[in-house]
Each structure stands twice: as structure tokens, then as C-alpha cells.
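Please look at the sequence and the model shown here, and keep both in view while reading. The paragraphs that follow go through them step by step.

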Amino acid sequence: MAFVSAPAALRTGAPAKAVTSVGSSSSAFAASSRRVQAPVAAAAAAPSGVVMQATATAKKSIKDLTAADLAGKRVLVRCDLNVPLDGKTITDDTRIRASIPTIEYLTAAGAKVLLSSHLGRPKSGPEDKFSLAPVASRLSELLKKDVKMAPDCIGDGVAEIVGGMKNGDVTLLENVRFYKEETANDTEFAKKLAANADMFVNDAFGTAHRAHGSTAGVTEFLRPSVAGLLLEKELEYLAGAVSNPKRPFAAIVGGSKVSSKIGVIESMLDKVDKLIIVGGMVFTFLKARGLSTGSSLVEDDKIDLAKELEEIAAKKGVKIILPVDVVAADKFAPDANTQLVSVEAIPEGTMGLDQGPKSTELINSELADCKTVLWNGPAGVFEFDAFAKGTYAIANTLAEVTANGATTIIGGGDSVAAVEKAGLAEKMSHISTGGGASLELLEGKVLPGVAALDDQ
Ligand code: AMP
């Protein structure tokens, strides 16, 4: 499938926006054997077809199904409803809201929707504090319809509830991790999970890098098995846009250590025109260039690797950009004494905890002509206000280049937190909802929860 590289059409921002913009007009699903017409915003949010990194195999999505494929069908939908709870109170419902477009798409088509998810890490068997019941209440509010909470995810009790469901009804199955067979991807468990459904939709990007019963195992027993709108959109950006970028394409890779981002850096060296290194890993690269780094974070056993990566970049014609100045602190603390220094003059006994203004200026000028920018990892210890400027400056610059027509992709983890804290989430082309899954996808790995879905 062709990746649609029109940022304005694709820019949907935070999932909350999708919730309000995806209608549930059933008229779009008037009985027809043609392809289901997606509600307008959902169609814009995720171009049809799903690209899989590394294999280039296109995967089917719910938009490839016809109204006849969905009406009256019992559809098992794996969502990522693993929300933070304070007792029984949901403290952040982002993941629930991110799941709404797919649920509305299916209910509007007359499907009977069975939602499944994990929540937390139950040790052995059911634990009330990990019940998904609070999520069912929030889903009812967001969908404006009663969402029934099943007492289990498998078994006769579930079968009875499903037997009583009408077209367009939604039932939430209880936490799949109440069974240890879920993470073991046990075939018998997956079979029981699949027993109450006719087909499968995976919309849980955050767990797509895990081969579990509810993400991969069930696909052995349910056909079709297709991607939901959220999963499709994540793949369109993190695999599609990254593999077929509008150029120039820059990746900003930051965070604490080179060791945790080697895979992403290596994979990006095959794709980008510019690689901007920021954050703690900068100092291993600076030391590899022969500079003194004071007491900054350096992985001595990765210095040769940093040299190698620079050599590979030079051979491939990829420009590596490193900060030119840093905020040097006398200790790792929010109230540390700081000084602004050139990377060539980091004083002994001080550590670089943020990039300086000249680095920000350099990065801004390098990004100005870019048509695609991927960002993964903060530029400093942004958890402390004193060292957050560089990270927020990058977030602001990305908001600007997006407004100027570039596609910007925030690839999970701390950079997502920084963009959200800066109130700029709506201004980016795509903010990933997955941490580990985004990293693995950017490293070029195949995600088992995607691999298991039907090919187009
Ligand atoms: P990661 O999980 O690898 O993306 O790393 C994120 C962490 O990197 C954040 O907690 C930041 O505080 C940390 N970090 C960023 N810059 C630095 C730095 N210069 N020195 C130490 N830690 C840093």
C-alpha cells in the first residue's frame, strides 16, 4: 500500500481529538456488501492498509472489511486499556479514549463488540485491584451507551452474556492477565478466549510487541484477524512514514544511554539524512571524539561503538549533529550549581545535564528544511526544571515545523511525556501510544501482534 504523506490530512493529534471527531452515524454503514465507509475523521486518521516494518507485508485493517463482514458478528477486540488507577479511580483515561474510534466504527457497523485488555501485573489469579470494572464505567460515558462488564474473559459466564448481546452492544471482558496462560501464549487459553467470537481485531499497539494469548494466540482460531484504527495509524507513521519519508528526514535520538538506543540509531542510519544526537548519550559520542566530558554520563564500553556509528554515518552520507554547548552541573540535583559551557570545555567534576542555547539554535537550523522528523528521547534531565529547556525547545521547534508542513512523529516514552507536559501534543503529526512497541518498530523489528494478522 502507498503511504499517504499528507501531514494535514493525517494530523489527528492526541487520541482525545479522535474521540470527539469520530461520529457514530450508522447511516455510513447502511447494509451493503461494499466496503464499510469509515466515519470521515477516522478515515483521515488512518489511511487504509497497514505497513509492516521489515517485511513490507501489508496487513488488513477493519477498513478492508465490508458491512456484511461486520453486521451481527461477535468481534473480539484487543485494546490497551491498561490505565493508571488510584484505587478504583482512573487517573488518566488517554488509552481508553484512544480505543474509542475503533469501537465506534464496529458498533456503527452493527457488530457485537467484545473488548479485551490487561490491566497491571496480577501475580496469580484474579485480584480485585486489577479488575477492569472502572474502565467499563468510563467506556459507558465515552460511548454514551451501557458497556457490560463480564465477570471473566473466558468460560460459560462470558458465553451467556455474549449470547444476550444485540448488534451494536459492547461488553468488556475481565483482565486477561488473571490467567498466567495469557502471557505464556497458551494455545488452550487462546482457544477459550476465541470461543465467544467470530473474528478478531487487534488495536493494542502498546502490547503488539508481545506474543500473548490475546494479541497473537487468538489469531489461530479467528478469521479474519485484522488491525484496528489505532494500531493501523501507529504503523502508518512508525513504519510507513519512517520507511518512505518525505526528505530531508531527520531523527532526533536522545535519552540516557547509547546502549538502550543502539538498535534505533543503527536502523535510522539506513533511513535518515540527518541524525541529531541529544541527551545523556551525547557524552559517549563526545568522549569518542576525544573531548573531556567531566563527570557526565559516559558508557566507556560503548566508546568504540560510538566511533563505529560515526564511521557508518560518514559512509552512508548521514550527517551526525551533536550539541555544541551544555548546561554543566556540579551535581545531579534540581538545585545544582550550573554553568553554560562549550562541549570543548566541560570542567572537571561537572556533568552535562541539558543542551545549551547554541545547540538549540543549531538543531533548529538543521530541522528547518526537514520534511519528516522523528523524535525519541529527551535532550536533558527534563524531570528537573533547571534542565528541561533543551527538551522543550525541541518540542516547540517540532510544533513549528509541523505547522510548516513537515510530518513529525514522537516515538514513545519520555519525549511523549515532554510534548504532553509542554501542551504541544495536538501540534504534532503523530504521538505514539506505545513505549516498548515503538522502540521495537523503530529498530526494524517485526511485532508479533502485527505479524499474526491477515495479509492484505
Ligand atoms: P531513555 O529512557 O533512554 O529515553 O532516557 C530518558 C532519561 O534520560 C530521562 O529520565 C532523562 O532524565 C535522562 N537524561 C537525559 N539527558 C541526560 C543527561 N544529560 N544525563 C543524564 N540523564 C539524562
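Helix α11 (residues 262-269) and helix α13 (residues 303-316) pack at an angle of about 15°, and their axes lie 10 Å apart. Helices here are DSSP runs of H or I with at least four residues, strands are runs of E with at least two, and both are numbered from the N terminus; the axes are lines fitted to C-alpha atoms, for helices over the stretch in contact, and the angles run from 0 to 180 degrees between N-to-C directions. Because of their angle, α11 and α13 are roughly parallel to each other, where angles under 35 degrees count as roughly parallel, over 145 as roughly antiparallel, 65 to 115 as roughly perpendicular and the rest as oblique. The crossing in which α11 passes α13 is left-handed, a term used if the near helix is turned anticlockwise from the far one by less than a right angle, with right-handed used if clockwise. On the α11 side the contact is made by I262, I265 and L269, and on the α13 side by L305, L309, I312, A313 and K316, two residues being in contact if their C-beta atoms, placed from the backbone, lie within 7 Å. These contact residues divide into 7 nonpolar, no polar and 1 charged, with Ala, Val, Leu, Ile, Met, Phe, Trp, Tyr, Cys and Pro counted as nonpolar, Asp, Glu, Lys and Arg as charged, and the others, Gly among them, as polar.

Before going further, note that this is a predicted model, in which local features need pLDDT of at least 70 and side-chain atom pairs count only at pLDDT 80 or more, while totals for chains, interfaces and linings use all residues. Residues are numbered from 1 along each chain as its sequence is written. The chain averages a pLDDT of 88, and 88% of the residues score at least 70, pLDDT being the predictor's confidence in each residue, from 0 to 100. Over residues 1-49, however, the pLDDT is below 50, although this stretch has 99 contacts in the model beyond near neighbours in sequence. Residues 52-56 also stay under 50, and for them the model has 16 contacts beyond four places in sequence. Where pLDDT is low, the predicted coordinates should not be read in detail.

A second pair of helices is α14 (residues 357-367) and α15 (residues 389-403), which pack at an angle of about 20° with their axes 10 Å apart, and which are therefore roughly parallel to each other. Here α14 passes α15 in a right-handed crossing. The contact involves S359, T360, I363, N364 and L367 of α14, together with G390, A393, I394, T397 and V401 of α15, and these residues comprise 5 nonpolar, 5 polar and no charged.

Helix α5 (residues 94-108) and α6 pack at an angle of about 60°, with 11 Å between their axes, and that makes α5 oblique to α6. Their crossing is right-handed. From α5 the contact takes I96, R97, I100, I103 and E104, and from α6 it takes V135, R138, L139, L142 and L143; by class, there are 7 nonpolar, no polar and 3 charged residues.

The backbone also deserves attention. K144 has a positive phi of about 55° although it is not a glycine, and K144 lies in the loop between α6 (133-143) and β7 (147-149). A cis peptide bond, with omega about 0°, joins R223 and P224, and P224 is in the loop between β9 (199-202) and β10 (225-227). Another cis peptide bond joins R247 and P248, again with omega about 0°, and P248 lies in the loop between α10 (229-243) and β11 (249-253).

Finally, which residues surround the ligand? There are 16 of them, and the closest are G255, S256, G279, G280 and V381, a residue being near a molecule or strand if its C-beta atom, placed from the backbone, lies within 6 Å of it. By class, this shell has 4 nonpolar, 9 polar and 3 charged residues.
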